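Open the model in your viewer and keep the selection panel at hand.

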Amino acid sequence: MGSSCGRVCWKWRSPLRRLAGFSRLLSTAALAPQICVVGSGPAGFYTTQHLLKHHRLARVDIYEKLPVPFGLVRFGVAPDHPEVKSYGAEDNRILGIPGENLSGVYSARAFVGWYNGLPENRDLKPDLSSETAVVLGQGNVALDVARVLLSPLDILRKTDITEGSLAAIACSKVKRVWLVGRRGPLQVAFTIKELREMINLPGTRPLLAPADFTGLGDVIKDVPRPRKRLTELMVKSALEKPGEKEAGRWASATKEWGLKFRRSPLEVLSAADGKQARGIRIAVTRLEGSGESARAVPTGEVEELECGLILSSIGYRSLPLDSAIPFDPKLGIIPNSLGRVQGEPGLYCSGWVKRGPTGVIITTMNDSFDTAQSVLEDLQTGVLHLSSSKEGFKSVRSILHSRGVHPVTFSDWEKIDAAEVARGKLAGKPREKIVDPQEMLQLISH
Ligand code: NAP
């Protein structure tokens, strides 16, 4: 990837550190547009790829706040999904319920960051001492964290999960994970491939209440095909007699996971010490309306579920980037038109900050190509005024220099990469991620 970019620069403690997924046209040199992409996650790379592929003279510099590139490709995707590697935004949505800050309650984002070696989450030390864990939310991230909690160690050991998290999971007492959704089986947010993987997870059995699925076969006749197939898989697993092999596996399983529907979180309950979570109070809901837009409305009935580990997996959200840049806090996006930031000529956005935290890698790829296309069109039509007085990276470098910031370059990253791969080799893994930024910087100190 390094060779396809004109120059790649990872900055450490950059003043631009929260401008993920951004591109601003900085300058021209001999009519060569110099483009600055802030954030080296999938949106940043796909935007860059399209620009370089379709503009012979374009020069792109990618900036990153961490000493290592690739954003949530490195830090977000489950370690046992090396073929997917992608999704991202800067923060998680908050439940906004009492007890959310008790010990034993974590955002799935922090938990994912912890097992993926994200420096800010390396000291999370999640409490895995209880038998039952509750994951709030029924999206793909919820399935990711449930799968990592329940996966046999032999599977995890071969991934790039960090050694520290692997050791903690090896001592984990968690043997049951409930994924709790506020709506019904027809509104789950996860997708079929991820569900199938969960159903087939060695050493585990699914807990699906037949009553939740009875009669769904008729209802789904007219729903779009992906939702229909997904529901059919749940119905089959819940209502049909398993085959011999599956029945044997489920009978000998030592761990289990299940889906609870029409349950909305009300309060995290504390243990006698007032510090530790001991369970969750949930409101039983009913659905108003039908299909994707059905709303969960409390029935007045309340339940309690005992658990010592609660992971809130209700979606990610982007943060406002800079007071000078428009931001819609409700939608968590930068108002834009095909990636052109409203009222800010020359500034573009792509990725989740452009459209919200939805979709898989291919969605981000297409969306980033669209943004890059807007840049190319604006270059072609002359909407963008290139000026040789703007020096692009040259001027950024002198700002960094005056502030005493030493950027980490792509070749520096290659040294960190080589060290991680070498350490991984010793442990039979693709890499052993270094989780301490200071250690990374020491590796490349000249
Ligand atoms: P998501 O797909 O938006 O799912 C969020 C879940 O949280 C939904 O079940 C939602 O229920 C629930 N929820 C939201 N607010 C809630 C609240 N206040 N109380 C209770 N429940 C609430 O988010 P995600 O799982 O974080 O995934 C984000 C994106 O990354 C998705 O597009 C996902 O497909 C993608 N991803 C893909 C992969 C992969 O390709 N393997 C892996 C991980 C993530 P409602 O529907 O009722 O709002």
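Start by selecting Glu-194. An N or O atom in the Glu-194 side chain is 2.8 Å from a nitrogen atom of the ligand. That makes a polar contact, a pair of N or O atoms within 3.5 Å. The protein covers 85% of the 910 Å² of accessible area that the ligand has on its own; such areas come from the Shrake-Rupley method with a 1.4 Å probe.

This is a predicted model: local features need pLDDT of at least 70, side-chain atom pairs count only at pLDDT 80 or more, and totals for chains, interfaces and linings use all residues. Residues are numbered from 1 along each chain as its sequence is written, and side-chain values use heavy atoms, with hydrogens and water left out.

Next, pick Arg-183. One of its polar side-chain atoms lies 2.8 Å from an oxygen atom of the ligand. Then move to Val-141. Here a backbone N or O atom lies 3.1 Å from a ligand oxygen.

Now show the whole shell. It has 22 residues, with Asn-140, Arg-182, Arg-183, Glu-194 and Gly-359 coming nearest (near: a heavy atom within 4 Å). Ten are nonpolar, eight polar and four charged; Gly counts as polar, and Asp, Glu, Lys and Arg count as charged.

Colour helix α4 (residues 140–150). It gives the largest share of the shell, three residues. Helices are DSSP runs (H or I, at least four residues), numbered from the N terminus.

Finally, colour by domain: domain 1 (7–72 + 318–408) and domain 2 (94–314). The bounds come from an automatic or database assignment. Their C-alpha centres lie 36 Å apart. Each domain gives at least three residues to the ligand shell.

Methods. A polar contact is a pair of N or O atoms within 3.5 Å; within protein, one must be able to donate a hydrogen and the other to accept it, and residues adjacent in sequence count only if both atoms are side-chain atoms. Helices (H or I, at least four residues) and strands (E, at least two) are DSSP runs, numbered from the N terminus.
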